[in-house]
Amino acid sequence: MAKPIVLIAEELSPATVEALGPDFDVRSLDGTDRPVLLSALAEASAILIRSATQLDAEAIAAAKNLKVIARAGVGLDNVDIKSATEAGVMVVNAPTSNIISAAELTVGHILSLARHIPAAHGALADGQWKRSKYSGVELYEKTIGIIGLGRIGALITQRMQAFGTKVVAYDPYVTAARAQQLGVTLLTLDELLAQSDFITIHMPKTPETTGMIGDEQLALMKPTAFIVNVARGGLIDEDALHRALTNNTIAGAGLDVFVHEPPTGSPLLSLPNIVVTPHLGASTDEAQEKAGVSVARSVRLALSGELVPDAVNVAGGVIDPTVRPGIPLMEKLGQLFAGIASSPITSIDVEIRGEIVEFDVSVLKLAALKGIFTNIVSESVSYVNAPLLAEQRGIAVRLVTDAVSDEYRNLLTIRGALSDGEQISVSGTLTGPKQTQKIVEINGYDVEVPVAEHLIVMVYTDRPGIVAVYGKEFGEAGINIAGMQISRREAGGQALSVLTVDSPAPDALLESVRVAIDADLLREIDITE
């Protein structure tokens, strides 16, 4: 039999080819040469890429035999994941390959800002000896503020503590116990901004975090403070940052990532109090080799039919067809669960009930955790690192199965406890021949709502006219309500309303609705595929 064809479309380390082994026909090509790429994809079973090769809908359509796309790195902006999923093509990446490199680059930016290293080098290289101009500050006994205390944040914590600094952090999904374990003081975002001498951001880029550091936040910082972003472009409002740097609202900034890359023509590049690098977070020999070897192993697993832990769109492997449809539903339930959580999660029970428990359903626990962490950590979340993310945060996780399901053929539930003592839960099921995904319970309220991209969940005191109030608010704001269901336990008591809307609702509108109906809970949850 002919060996499966594996394409290497960009330069990868020799260790990558070695990790693939002798079982494949490995072919190298230039992935940026579009005609060559499309021609080669026609026969390929797998393709390994970095960031330059564009695997869009056209490329995926040309690859009739393709089983797996492997990105030797973290970002997947150059892969059309939706088209790949629809075509049954697995997409894998290397989510942990660059965390040390990113942490070390962050420390490098902090040191460069503290001691003016790039500017001093430039002056001396130009023949100028300006010792007094480039007098800096020590890190010793300074306060380091970390926004996002995930794995990279934890690595930076360890490294900065070695300088004799005090580390504070803002992360609404980290428990006090986890912070104490790291030797970190948890603060609100405003407190962190006001107290820190150096601030570094390590959050995922979501609609909620885009522009999270703007004029208002920068104004809270000390005039002697510095801010660093090596995570995602756009977390800092670049126009606001330019104003803060030119007005000396803050002392300086370090950026490795930008809204538009390359940031051609950006006024930030000409400022004297900024250090910039061209997205070098993963640009080390070690990170590139780890990324290549990691995805090579994933390709081997995928083409041999085994479970692929780093798959970002499908779990892959020997999962029973009866269980497989529950995977995307469970991921979405996880996002809903995280969206309604009002404080850090301390424990999670993943409950599977019904006929499905005759099969191995352990992958559904992984899917639940993957969904929970998808929008609350900065790193890419997969089936392999989701349990580790829970462990790092001190979250106890259990899988509970029961062959009896009273109302539905199969019922998938995520139930958990929060640090403030609150208990929350969400449940879903698959119905009909098309296996339609439905939410059937939220916090003990029975509902039956199709899973949608934009959901708004409200809890308020049941009283006449309440629907008209929030319906009017959303209507006047141009937010179309596509579907709605209200659930209550008794007349005049608490009611839960779930809306599916066609577009995201602005924060100001949500706050206006919350005040208008005196809601105990009002959250918009955006469900990603």
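Buried means under 20% relative accessible area, exposed means over 50%, and partly exposed is in between, with a 1.4 Å probe and protein chains only. By that rule Asp 56 is partly exposed, because its relative accessible area is 30%.

Before going on, the basis. This is a predicted model, in which local features need pLDDT of at least 70 and side-chain atom pairs count only at pLDDT 80 or more, while totals for chains, interfaces and linings use all residues. Residues are numbered from 1 along each chain as its sequence is written, and side-chain values use heavy atoms, with hydrogens and water left out.

Now the salt bridges, meaning a side-chain nitrogen of Lys or Arg within 4 Å of a carboxyl oxygen of Asp or Glu. The structure holds 17 of them. Asp 56 forms one with Arg 34, at 2.6 Å from N to O. Asp 56 sits in the loop between strand E3 (46-49) and helix H3 (57-61), and Arg 34 in helix H2 (residues 34-41), 22 residues apart. Helices (H or I, at least four residues) and strands (E, at least two) are DSSP runs, numbered from the N terminus.

Another pair is Arg 300 and Asp 23, at 3.2 Å from N to O. Arg 300 is partly exposed at 30% relative accessibility, and Asp 23 is partly exposed at 42%.

A further pair is Asp 197 and Lys 222, at 2.9 Å from N to O. Asp 197 lies in the loop between helix H9 (189-195) and E9, and Lys 222 in the loop between helix H10 (215-220) and E10. Buried or partly exposed? Asp 197 is buried at 12%; Lys 222 is partly exposed at 26%. There is also a network of salt bridges linking Glu 351, Arg 353, Asp 402 and Arg 415.

Next, the sheet. Seven strands form an open sheet in the order E8-E7-E6-E9-E10-E11-E12, with parallel pairing; two strands pair if DSSP finds at least two bridges between them. The edge strands, each pairing on one side only, are E8 (185-186) and E12 (274-276). E6 (residues 143-147) and E9 (residues 198-201) pair over four bridges, and Ile 146 has Thr 200 in E9 as its bridge partner.

Last, Ile 319. This residue lies in the loop between H12 (285-303) and helix H13 (326-340), and counts as buried at 13% relative accessibility.
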